[in-house]
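Please read the following account alongside the sequence and the model.

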Amino acid sequence: MDRVQRDRGDAKTEPFTVGKFLRPALDLKVWGFAMCFFCSTTVTYAIAYFLPIILRDGMGFSVAQAQCLVAPPYAFAGILMFCTAWVGDKYHTRGPIIIFNCILALIGLPLMGFAKTNAVRYFGVFLTTGGTNANIPAVMTYQANNIRGQWKRALCSASLVGLGGIGGIAGSLVFRSQDAPQYHPGIYACIACSALIIVIVCLLSVKFYLDNKKQKEGRLIIEGGEHGFRYTL
């Protein structure tokens with residue numbers, strides 16, 4: 001708690017007021033974080049729900065083979081998740097990690113949908129599954145590092161979890177049975193979500209960079225923090 005207080009100055013409980021809780025809803029970056037999480041969970045849930053079906057109907061594997069082939073991409077996702085988390089913590093960065101994961105997904109999705117051989121398409125499954133799943137904790141930490149104040153954090157957490165849940169619902173509708181066996185509309189939807197995350201992160205990164213520069217020059221107090229709080233890019 002002492003470390004958090006030194007770093008952010010918001011470890012001590014603030015009195016609750018409706019205004020303090022709702023006012024952060026006017027901050028566009030709150031919804032930027034939530035939209036990133038919505039897009040991340042949409043793709044993650046879509047892959048989780050339908051990967052066995054895609055492997056069976058789209059790539060021609062048997063039911064038993066499809067169920068077995070689901071596991072290795074998630075093992076890769078776990079490794080990628082820990083590696084990117086280590087890099088992000090070591091170099092105190094979040095945005096580039098999210099963009100890197102999205103680029104992996106943007107490479108993997110076209111391979112899944114349009115490659116001619118099953119080996120290449122399955123390689124695309126690895127990239128897509130790894131990138132999308134690694135972005136779940138990456139987006140959560142990106143949000144957590146860049147807000148300050150207990151009641152703002154409460155609203156941000158609610159918006160993040162809420163839109164993340166809606167993303168799960170959207171993910172269940174991405175790969176439709178009438179689009180089998182190629183599922184191209186679902187691939188396009190996942191590509192759009194990954195691309196939108198990159199756009200949002202780039203816009204937020206520009207804002208954070210400019211605000212940090214003003215804070216360093218003494219022209220801006222970020223998030224009302226009197227402890228030298230700065231955004232994590």
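K90 lies over the face of Y91, 5.7 Å from the ring centre; a charge counts as over a ring if NZ of Lys or CZ of Arg is within 6 Å of the ring centre and within 35 degrees of the ring normal. The model is predicted: local features need pLDDT of at least 70, side-chain atom pairs count only at pLDDT 80 or more, and totals for chains, interfaces and linings use all residues. Residues are numbered from 1 along each chain as its sequence is written, and side-chain values use heavy atoms, leaving out hydrogens and water.

The structure holds 12 aromatic pairs, where rings of Phe, Tyr and Trp (its six-membered ring) pair if their centres lie within 6.5 Å, with planes under 30 degrees apart counted as stacked, over 60 as edge-to-face and the rest as tilted. One of them joins Y122 and F126: the centres are 5.1 Å apart and the planes stand at 85°, so the pair is edge-to-face. Y122 and F126 are separated by about one helical turn because they are 4 residues apart in helix 7. Y122 is buried, at 15% relative accessible area, whereas F126 is partly exposed, at 22% (buried is under 20%, exposed over 50%, partly exposed in between, with a 1.4 Å probe and protein chains only). F175 and Y183 also form an edge-to-face pair, 6.0 Å centre to centre with 80° between the planes. F175 is buried at 3%, and Y183 is buried at 4%. One aromatic cluster is formed by F33, Y142, F208, F229 and Y231.

Helix 7 covers residues 118-145; helices (H or I, at least four residues) are DSSP runs, numbered from the N terminus. Its 28 residues reach 41 Å from first C-alpha to last, close to the 40 Å expected at 1.5 Å a residue, the expected span being 1.5 Å times one less than the number of residues. At I136, shortly before P137, helix 7 has a kink of about 30°, taken as the angle between axes fitted to the seven residues ending there and the seven starting there.

N101, in helix 6, is buried at 0% relative accessibility. Setting aside residues up to four places away in sequence, N101 touches L80, T84, G131, A134, N135 and A138 (contact means heavy atoms within 4.5 Å). In helix 9 lies D211, which is buried at 11%.

The whole structure has 0 disulfides, defined as pairs of cysteine sulfur atoms within 2.5 Å. The sulfur of C156 is 13 Å from the closest cysteine sulfur, in C36, too far for a bond.

Terms used
Helices (H or I, at least four residues) and strands (E, at least two) are DSSP runs, numbered from the N terminus.
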